[in-house]
Amino acid sequence: MAEIIVVGGGVSGLATATLLARTGFEVSLVESHQLPPPELGPDPDLRVIALSPASERILRQCGAWELMDLDRVQPWRWMRVWESAESSGVEFKTTDINEARLGHIVENGNLVRALYQAADAAGVMWLNPETVSQFNPRGAGVELQLKSGSWVRANIAIAADGAFSKMRGMAKLSWKYVAHQQRAIIAEVSAELGATEAAWQRFTPRGPVALLPLFNGHYSLVWSTADAEHLIQCNDEEFEEMLSMVLGGRMGALRLFGPRHCLTLGRGFAPQWCAEGLALVGDAAHVVHPLAGLGQNLGLMDAAVLQEELAWHPLSQRALRAYERRRKGWVWATQWTLEGFRVGFSFGIPGLDRLRSAALEYVGGNRTLRQFFINQADGRWDAPRWLREPVEMERRRESR
Ligand SMILES: Cc1cc2nc3c(=O)[nH]c(=O)nc-3n(C[C@H](O)[C@H](O)[C@H](O)COP(=O)(O)OP(=O)(O)OC[C@H]3O[C@@H](n4cnc5c(N)ncnc54)[C@H](O)[C@@H]3O)c2cc1C
């Protein structure tokens, strides 16, 4: 019998399992896909994540950061966000936050492989490939039946099995999900006028379009749009032309490399994150729009806060409740802020366009506001003590 069973071996589940195993708990992890994860191919994985500095620290605490193929981890030091073709918008820079970088762009495959190795080294036991078919609270613990028929017992279970979590349903926790009209087209592109280590995002009434720098000098495109059907069906030349147009020509000619994929988008939230003997983390608890690249960063912070609470109150329901109290309000507020941006930028009314562009320019000219937005995205205010203190110490060292 393990002390903790984590269900789901995506980034949130692997990070939770690793942090808890490194704290000294006996941890098992159930994952439906075959582990270890596949090797990376020469071409970039289209599923990329913009990781904040706080997430980098969490991954270092897992012992996973150094295990990534660091030649494929792209730092990002500058970002421009704009709306109308005439306005310059906001420019976020490393000098705004006294950090060496705003974050890193990492392929999901690279991160999952490194976390798998870190979890394995920390002593996580693998139940794989497996899924859970029944979940029951039992006495002071929980029991789970696996698809293969065997039963496993633990003091607590953690559901990290993604947006369509079966564990959440089995624990009878409700889920509020709204599918967006927009879908995301993801692809690899190159830009004639792009700069390395720079990210770009333009808000349009049809949805935001973002270009994140990749390790090979190209960009990962995340184009959230209400016109996804046409954009996935049109030919490459037409797509490149429309992309160049939607970016207002700022990045010159754009060239597509490889296939385009289309992902559905939605907003999901679990009103309760805990049941008897169970807590939700990552997308199993909350799904946000990718416009600020926050979903995975929120999942990693869930893992860090849950680890801290369980270290303080080992294997107790009290720890799960405290985790829920600390995280839920913050994530809820983040989700509605993002929703405000998504809806606010979707009205194509001429007067409103000018107002929004003026607001962006105002933020662009105000360092305190730029700092506020970057720190908000980093989620550092909600961080566990072990994550905050090194930051404060580094800051003090730098300011001397
Ligand atoms: C277009 C797009 C761009 C994004 N960009 C960013 C970004 O730049 N930055 C960012 O922070 N976030 C981003 N996100 C969000 C991010 O991808 C998600 O928040 C993140 O993948 C959630 O990770 P997770 O581990 O919680 O869930 P998942 O990645 O969904 O992992 C769930 C795991 O559980 C396993 N599983 C599922 N069911 C079972 C079961 N019954 N039994 C066992 N195992 C099971 C699955 O196989 C999977 O491994 C983006 C999302 C989209 C759609």
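Predicted model: local features only at pLDDT ≥ 70, side-chain atom pairs only at ≥ 80, totals over all residues.
Let us start with strand β3, which is joined to strand β7 (residues 103-107) by four bridges, the two strands running antiparallel. Strands of a sheet pair through backbone hydrogen bonds, and the pairing can be parallel or antiparallel.

For the parallel kind, move to strand β1 (residues 4-7), which pairs with β2 in the parallel sense over four bridges. Here V7 is the residue standing opposite V30 in β2. Strand β2 (residues 27-30) also pairs with β8, again in the parallel sense, over three bridges. In that pairing, L29 has W126 of β8 as its bridge partner. And are the faces of β2 covered or open? Both are covered. V27 and L29 are buried on one side, while S28 and V30 are buried on the other.

Now step back to view the whole chain. Its secondary structure comes to eleven helices and 20 strands. The C-alpha atoms fill a box of roughly 65 × 55 × 40 Å along the principal axes. Why can we call the chain's radius of gyration that of a compact globule? A compact globule of 400 residues would have a radius of gyration near 21 Å, and the chain has 21 Å, so the two agree. Of the 400 residues, 46% count as buried. Among contacts with a separation of 6 or more, 75% are between residues 24 or more positions apart.

Take L115 as a guide: leaving out residues up to four places away in sequence, L115 touches V11, L14, A15, T18, C62 and A64.

Next, find the ligand. How many residues surround the ligand? There are 32, and the closest are G10, G162, G282, G293 and G295. The elements giving two or more residues to this shell are α1 (11-23), β3 (48-51), β13 (176-191) and α7. Helix α7 gives the most, with four residues. Sorted by class, the shell has 13 nonpolar, 15 polar and four charged residues.

Our last stop is G364, which lies in helix α9 (residues 350-364). Why does G364 count as partly exposed? It has 19 C-beta neighbours inside 10 Å, whereas a buried residue needs 20 or more. Apart from neighbours within four places in sequence, G364 is in contact with S88, G89, V90 and E91. For a sense of distance, compare Q272: this residue is 92 residues from G364 along the chain, and their C-alpha atoms are separated by 37 Å.

Technical notes:
Residues numbered from 1 in each chain as written. Contact = placed C-beta atoms within 7 Å. Near = placed C-beta within 6 Å. Nonpolar A, V, L, I, M, F, W, Y, C, P; charged D, E, K, R; others polar. Pairing = 2+ DSSP bridges. Rg over C-alpha atoms; globule rule 2.2 N^0.38 Å. Buried ≥ 20, exposed ≤ 12 C-beta atoms within 10 Å, placed from the backbone.
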